[in-house]
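I opened the notebook with the sequence and the coordinates side by side. The entries below follow the order in which I looked things up.

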Amino acid sequence: MKTALCPICRKPSAEDHKPFCSRRCREVDLGRWFGEDYKLSTEEPLTNDGE
Ligand SMILES: [Zn+2]
């Protein structure tokens, strides 16, 4: 069987946390989607000075 690697830290993934190696890495990945720890490149300039 091939061992999947954690997409976050490249360690072998754990059965309980597939495809990640740990809960922490899973949360890191989630955080990226929610923009907590991941700075998105702003493709459109945000000019909201009307607030
Ligand atoms: Zn990991």
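Is R23 exposed or buried? I find R23 exposed, with a relative accessible area of 53%, where exposed means over 50%, buried under 20% and partly exposed in between, with a 1.4 Å probe and protein chains only.

Before going on, I note that this is a predicted model, in which local features need pLDDT of at least 70, side-chain atom pairs count only at pLDDT 80 or more, and totals for chains, interfaces and linings use all residues. Residues are numbered from 1 along each chain as its sequence is written, and side-chain values use heavy atoms, with hydrogens and water left out.

Entry: the chain as a whole. I counted 1 helix and 0 strands, taking helices (H or I, at least four residues) and strands (E, at least two) as DSSP runs numbered from the N terminus. Of the 51 residues of the chain, 14% count as buried. I looked up the accessible surface, which comes to about 5,100 Å², with 50% of it belonging to carbon and sulfur atoms; such areas come from the Shrake-Rupley method with a 1.4 Å probe, and for residues only the protein chains shown count as cover. Among contacts (heavy atoms within 4.5 Å) between residues at least 6 apart in sequence, 3% join residues at least 24 apart.

Entry: helix α1. I compared the span of its 12 residues, 23-34, with expectation: at 1.5 Å a residue the helix should span 16 Å, and its end C-alpha atoms are 16 Å apart, which agrees; the expected span is 1.5 Å times one less than the number of residues. Within α1, I found C25, D29 and G31 buried. Seen down the axis of α1, the buried residues fall within an arc of 155°, so they line one face of the helix, the arc being that of the directions from the helix axis to the C-beta atoms. The face turned away from that buried side carries the exposed residues R23, W33 and F34.

Entry: the surface of α1. F34, in helix α1, is exposed with a relative accessible area of 63%. I found that L30, W33 and F34 form a nonpolar patch on the surface, with about 440 Å² of accessible area together; patches are made of residues with over 30% relative accessible area and no salt bridge, like charges being joined within 9 Å and nonpolar side chains (Val, Leu, Ile, Met, Phe, Trp, Tyr) within 5 Å.

Entry: salt bridges. I searched the whole structure and found 2, a salt bridge being a side-chain nitrogen of Lys or Arg within 4 Å of a carboxyl oxygen of Asp or Glu. One joins R23 and E27 at 3.1 Å, N to O; being 4 residues apart in helix α1, R23 and E27 are separated by about one helical turn, and E27 is partly exposed at 43%. E15 forms a salt bridge with K18, the closest N and O atoms being 3.6 Å apart, and E15 counts as exposed at 61% relative accessibility.

Entry: Which residues does S13 touch, leaving aside its neighbours within four places in sequence? I list A4, L5, C6, K18, P19, F20 and C21, and S13 itself counts as buried at 15% relative accessibility. I noted that the peptide bond from K18 to P19 is cis, with omega near 0°. R10, also in this segment, has phi near 70°, a positive value in a residue other than glycine, and R10 is exposed at 60%.
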